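Open the model in your viewer and keep the selection panel at hand.

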Amino acid sequence: MKNVDHPIAGALRAPSDDFLSMLESQSDWLACSKRIRQGLPAYFINDLSALIGIRPRDLAQMLEIKTSSRRRWAKYGMLNSTESDYLYRTAVVINYALKLFEGDKSALREWLTRPALALGQKMPAELLTTFVGLRMVETLVWRLEYGVIT
């Protein structure tokens, strides 16, 4: 079995070019949709953790991803289409929030773990576990970016 937590994963490395190009190409929804249906590579979570600057294990815990799922990803090298869809959407929302903080990973991590009045005193990280929560966080980021009173 492959090691899901690569020794240089998380804060010690940058996300792969493949990961970044996939986030940047979200305007090509057809290509993204096809790739998601085929299944994202297992290292996608490592790239997402590198984007935030935390260890993959910590990201998995924050997103409530079971260890057994991560082991299966490592064994087969891919996520299924549902997992791919969820993790891709999570990456898009987190990348959007990171841009709000002008690339400051520390500020992003602090914001993710601080209760937000606009989210009913829930931490944004708590809401990243469902598609509905992802939409709420994305809407909050948009409101903050454009100065809409929340």
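Predicted model: local features only at pLDDT ≥ 70, side-chain atom pairs only at ≥ 80, totals over all residues.

Numbering starts from 1 along each chain as its sequence is written, and side-chain values use heavy atoms, with hydrogens and water left out.

**Stop 1: α2 and α6.** Select residues 29-38, helix α2. Helices here are DSSP runs (H or I, at least four residues), numbered from the N terminus. The axes of α2 and α6 come within 8 Å and cross at roughly 135°. So α2 is oblique to α6 (roughly parallel is under 35 degrees, roughly antiparallel over 145, roughly perpendicular 65 to 115, oblique the rest). Now show W29, C32, I36 and R37 of α2; they meet S81, S84, D85, Y88 and R89 of α6. By class, this contact (heavy atoms within 4.5 Å) has 4 nonpolar, 2 polar and 3 charged residues.

**Stop 2: α6 and α7.** Select residues 81-100 for α6 and 105-112 for α7. They pack at about 115°, axes 9 Å apart. I94, A97 and L98 of α6 touch K105, L108 and W111 of α7.

**Stop 3: the loops.** Pick E102, between α6 and α7. Its phi is near 50°, positive in a residue other than glycine. E102 is exposed, at 75% relative accessible area (buried is under 20%, exposed over 50%, partly exposed in between; 1.4 Å probe, protein chains only). Move to Q121, in the loop between α7 and α8 (124-127). Phi of Q121 is near 65°, again positive. Q121 is partly exposed, at 46%.

Key
Axes fitted to C-alpha atoms, helices over the stretch in contact; angles between N-to-C directions. Helix = DSSP H or I, 4+ residues; strand = E, 2+ residues; numbered from the N terminus. Nonpolar A, V, L, I, M, F, W, Y, C, P; charged D, E, K, R; others polar.
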